[in-house]
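These are my notes from one sitting with a structure. I wrote down what I looked up and what I found.

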Amino acid sequence: MLRIDALDKRYKTGDHALKGVSFTVERGQVVGLIGPSGAGKSTLIRCINRLVESSRGKVLLNDVEITGMSGSGLRRMRRRIGMIFQEYALVERLTVMENVLSGRLGYVPFWRSFLRRYPQADVDKAFALLDRVGLTDHVDKRADALSGGQRQRVGIARALEQDPELLLVDEPTASLDPKTSRQIMRLICEVCRERQLPAIINIHDVSLAQMFVDRIIGLRAGEVVFDGPPDGLDHAALTEIYGEEDWNQMRAEKEEDARDEEDAAAFEATRRERMEGIA
Amino acid sequence: MPVTQTPSGPVWTRRTTTEQWASWAGWLAVAVLFVISWQVMNTNTIWSFVDDAPRQAGDLLSRSWPPRWSYVGNLWLPLWDTLNMATLGTLIGTILAVPTAFFAARNTTPSVAILRPVALFVIVASRSINSLIWALLLVAILGPGILAGIIAIALRSIGFIGKLLYEAIEEIDESQVEAIRATGAGGWQVLDYGIVPQVLPAFAGITVFRWDINIRESTILGLVGAGGIGLQLQSSLNVLAWSQVTVIFALILVTVIVSEWVSGKVRTAII
Amino acid sequence: MSATPPVAGRRWRRPPLFIQSRLWRWVIYSGVLVYLVLAVGSLEVDWQRVYAGLERAQRFIGGFLVPDFVTRSDQIWRGMVESLTMTVCATVVGIAISVPIGIGAARNIAPWPVRVVCRAIIAVSRAFQEIVIAILFVAMFGFGPFAGFVTLSFTTIGFLSKLLADDIEEIDESQAEATRATGAGWWQIVNYGVQPQVMPRLIGLSLYRLDINFRESAVIGIVGAGGIGATLNTAMERYDYDTAGAILLLIILLVMAAEYGSSHIRKWIQ
């Protein structure tokens with residue numbers, strides 16, 4: 001069970017990202033976290049596993065307080081929380097198996113991870129998970145050789161390899177096509193139910209969220225403005241969360257991505273020149 | 001605004017008047033700087049020597065040709081030394097450059113206040129000083145021989161590899177690192193899984209590229225006594241044996257072309 | 001792998017990073033090992049000489065920590081002025097020659113006979129070290145900064161023309177195409193379709209080259225081509241390590257300043 005109590009986050013830049021957020025998530029419950037860009041969704045789930053430090057408030061996982069831990073305590077806590085990322089965040093140049101096994105990093109000593117000599121039990125678990133997500137044939141492929149949907153499956157396997165007690169999922173479908181998005185969402189929700197895992201899923205796509213999750217929390221400007229079952233999310237609630245103009249904002253983000261890709265080609269040319277330049 | 005309204009209608013010019021003036025002023029400054037530099041540089045130039053250059057070149061050519069090909073037999077051992085200087089120098093330089101780069105990169109340095117500036121200074125100092133100057137110093141300290149050459153090459157390589165590597169480290173995709181950290185990995189594990197795989201191809205490319213440059217540089221380190229084929233070049237120059245110099249240049253050229261080819265092959269194989 | 005694999009006990013090993021074939025991996029790794037043993041074995045180090053040199057090393061480090069700018073300040077000053085003027089002249093002249101050659105060497109805008117000639121010039125200029133070229137030019141033009149100027153101008157061509165040609169070959173063809181579609185002539189295509197795309201890069205490259213030329217100007221003096229390198233060489237021959245340390249510090253400072261300045265100009269332009 002996850003309990004969040006009056007969580008507050010103010011960035012150094014002055015942005016007040018979270019304003020006293022409180023809720024609890026029961027075992028096996030899948031929560032969809034929706035809200036416009038900049039509402040604090042990413043900050044919230046990163047405050048839970050302390051990739052971002054909260055300013056005030058408490059987070060408790062199975063009655064153990066997470067906020068305030070440090071050093072090896074923090075490591076042991078993090079390994080109990082699996083995380084799935086927006087752009088997959090796989091280590092692109094490592095193989096699928098290495099990526100999945102990296103879920104054990106919080107458990108094994110450095111020499112084992114360095115030599116890639118994981119305990120056989122970990123390897124067995126990794127094989128079983130790859131079977132479960134349907135990637136048995138891609139074990140030794142490099143992660144950057146996979147399609148988007150396959151990469152996200154590796155991301156799921158990596159998170160489950162941690163034997164998590166909680167799953168944090170950050171925009172799992174943002175870079176996927178509609179069909180793959182559904183498959184991935186279905187897979188995530190299935191495994192959560194199989195393992196009685198509580199999960200928090202940040203998601204842009206409201207209808208997709210309604211299709212799969214048990215409960216929806218709407219965030220706006222760092223505050224919870226909706227908390228209830230998916231069918232309770234009517235037009236009024238949506239306007240409360242999103243307002244009217246935010247759809248434009250999302251479109252602008254897409255255009256930015258396209259520009260980034262153009263820049264990448266120019267970047268390659270510059271890099272070669274730099275090598276020559278400082279020779 | 002490039003468009004101005006005049007009684008006879010709008011007029012378009014490429015730049016505004018101020019921009020135009022700034023651009024002209026820039027060019028003028030470059031021209032003036034060039035003229036002054038030219039004057040100062042040539043205060044002691046003896047122009048009759050310069051006028052004489054074509055004749056000198058012809059003379060040089062006639063003395064260099066035909067090359068004394070039999071001399072090539074004396075060059076194999078120095079060539080071996082040259083290759084060793086470049087390779088061992090690159091190896092040692094790389095070993096020293098890797099920690100320097102990690103200290104210098106903003107996202108991996110253990111201490112922003114002390115270690116990072118020190119590492120950046122090491123990199124800049126190593127880069128500013130050409131390997132020939134390093135060799136000059138080291139020959140004075142260690143005596144002539146290829147040890148001085150190896151260390152000279154190594155010291156110069158630290159800056160090159162260190163700079164390119166630390167920039168590669170600063171450019172990595174942080175989300176991959178974040179994902180590894182989220183699994184509960186410790187510092188060294190984050191380095192091993194999150195950072196090293198991302199910079200490994202860049203690192204290999206940089207190292208091989210530097211090795212290629214080092215082969216070139218090590219061919220001339222002998223001029224200041226650091227061993228290798230440059231030593232032969234120096235002694236041939238001292239006795240004005242230009243026909244031997246031709247042979248040495250030819251061998252250097254072949255070596256450089258081969259090393260460039262090898263490094264190109266290796267780099268495409270890695271990336 | 002269509003059959004369901006046994007759930008437990010499946011081994012996994014990391015696939016090799018570089019060479020997939022086991023045999024070749026062994027051959028190459030052991031070859032490297034043998035080479036290293038041979039290379040290190042053929043090192044002849046006179047440890048007594050090294051030991052004797054430690055005292056000099058100490059003096060040198062002392063000279064570096066307490067540099068002497070004063071005693072030979074006139075020579076240092078003259079060397080620096082020579083180096084800087086050499087750098088400026090060589091960069092300006094080098095760029096002026098490199099640009100037409102670079103354009104002539106680009107596959108997408110130059111006809112092939114021109115291209116072959118230009119690529120050949122580039123290849124010659126890149127093949128040899130600055131030092132080697134300096135030796136030849138010193139023999140031709142006599143000692144002094146003029147030979148250094150010619151050397152640096154010549155090596156600038158190899159650097160700048162090649163990278164410029166590569167940049168031109170990588171431009172967005174559709175822009176040149178669009179210019180051509182308006183019925184523009186060759187010069188107009190270069191001016192409108194190509195130049196705007198490569199200009200910022202050309203300026204960036206020129207600034208890099210300014211940097212490089214200064215650093216090289218500090219070296220070619222060793223073979224008689226003038227500049228601060230000649231002063232440094234003299235100081236070393238006189239065992240005057242305090243002056244040598246001062247010169248090295250000056251070089252480092254100037255390179256740092258040049259790098260800092262040129263990176264600012266680059267940012268400002270782009």
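**Entry 1: a helix in chain C and a surface patch**

I looked up C:Ile28 and found it in helix H1 of chain C, residues 22–41. Helices (H or I, at least four residues) and strands (E, at least two) are DSSP runs, numbered from the N terminus. The model is predicted, so local features need pLDDT of at least 70 and side-chain atom pairs count only at pLDDT 80 or more, while totals for chains, interfaces and linings use all residues; side-chain values use heavy atoms, with hydrogens and water left out. Residues are numbered from 1 along each chain as its sequence is written, and chains are lettered from A and ligands numbered from 1 in the order in which they are written.

C:Ile28 is partly exposed, because its relative accessible area is 36%. The classes are buried (under 20% relative accessible area), exposed (over 50%) and partly exposed (in between), with a 1.4 Å probe and protein chains only. I then noted that C:Ile28 belongs to a nonpolar surface patch with C:Leu17, C:Phe18, C:Leu23, C:Trp24, C:Val27, C:Tyr29 and C:Val32. Together these residues have about 830 Å² of accessible area. Areas come from the Shrake-Rupley method with a 1.4 Å probe; for residues, only the protein chains shown count as cover. Patches are made of residues with over 30% relative accessible area and no salt bridge: like charges are joined within 9 Å, nonpolar side chains (Val, Leu, Ile, Met, Phe, Trp, Tyr) within 5 Å.

A contact means heavy atoms within 4.5 Å.

**Entry 2: chain A as a whole**

I counted ten helices and ten strands in chain A. How many of its 279 residues count as buried, as a percentage? The figure is 54%. Chain A exposes about 12100 Å², and carbon and sulfur atoms supply 48% of that area. Among contacts between residues at least 6 apart in sequence, 70% join residues at least 24 apart.

**Entry 3: strands of chain A**

I traced an open sheet of four strands in chain A, in the order S2-S1-S4-S5, with antiparallel pairing. Its edge strands are S2 (16–25) and S5 (64–65), each of which pairs on one side only. Two strands pair if DSSP finds at least two bridges between them. Strand S1 (residues 2–10) and strand S4 (residues 56–61) are joined by five bridges, and A:Ile4 stands opposite A:Val59 of S4(A).

Next I looked at strand S6 of chain A, residues 81–84. In a regular strand the side chains alternate between the two faces of the sheet. In S6(A), A:Ile81 and A:Met83 lie on one side and A:Gly82 and A:Ile84 on the other, and all are buried. Four bridges join S6(A) to the parallel strand S7 (residues 166–170) of chain A. A:Met83 has A:Leu168 as its bridge partner there.

**Entry 4: a loop residue**

I found A:Tyr107 in the loop between helix H3 (96–101) and helix H4 (110–115) of chain A. With its neighbours within four places in sequence left aside, A:Tyr107 contacts A:Arg79, A:Gln162 and A:Asp163. Is A:Tyr107 buried or partly exposed? A:Tyr107 is partly exposed, because its relative accessible area is 30%.

**Entry 5: where chains A and B meet**

I listed the buried residues of helix H8 (residues 174–182) of chain B; among them are B:Gln176, B:Val177 and B:Glu178. The buried residues of H8(B) pack against helix H1 (41–48), helix H2 (71–78), S6 and helix H6 (148–161) of chain A, together with helix H9 (187–218) of chain B.

I then searched for salt bridges (a side-chain nitrogen of Lys or Arg within 4 Å of a carboxyl oxygen of Asp or Glu). One joins A:Arg46 and B:Glu178, at 2.7 Å from N to O. This pair crosses between chains, from helix H1 of chain A to helix H8 of chain B. Both A:Arg46 and B:Glu178 are buried.

In chain A, A:Arg50 and A:Glu53 form a salt bridge at 2.8 Å, N to O. A:Arg50 counts as buried because its relative accessibility is 8%, whereas A:Glu53 is partly exposed at 42%.
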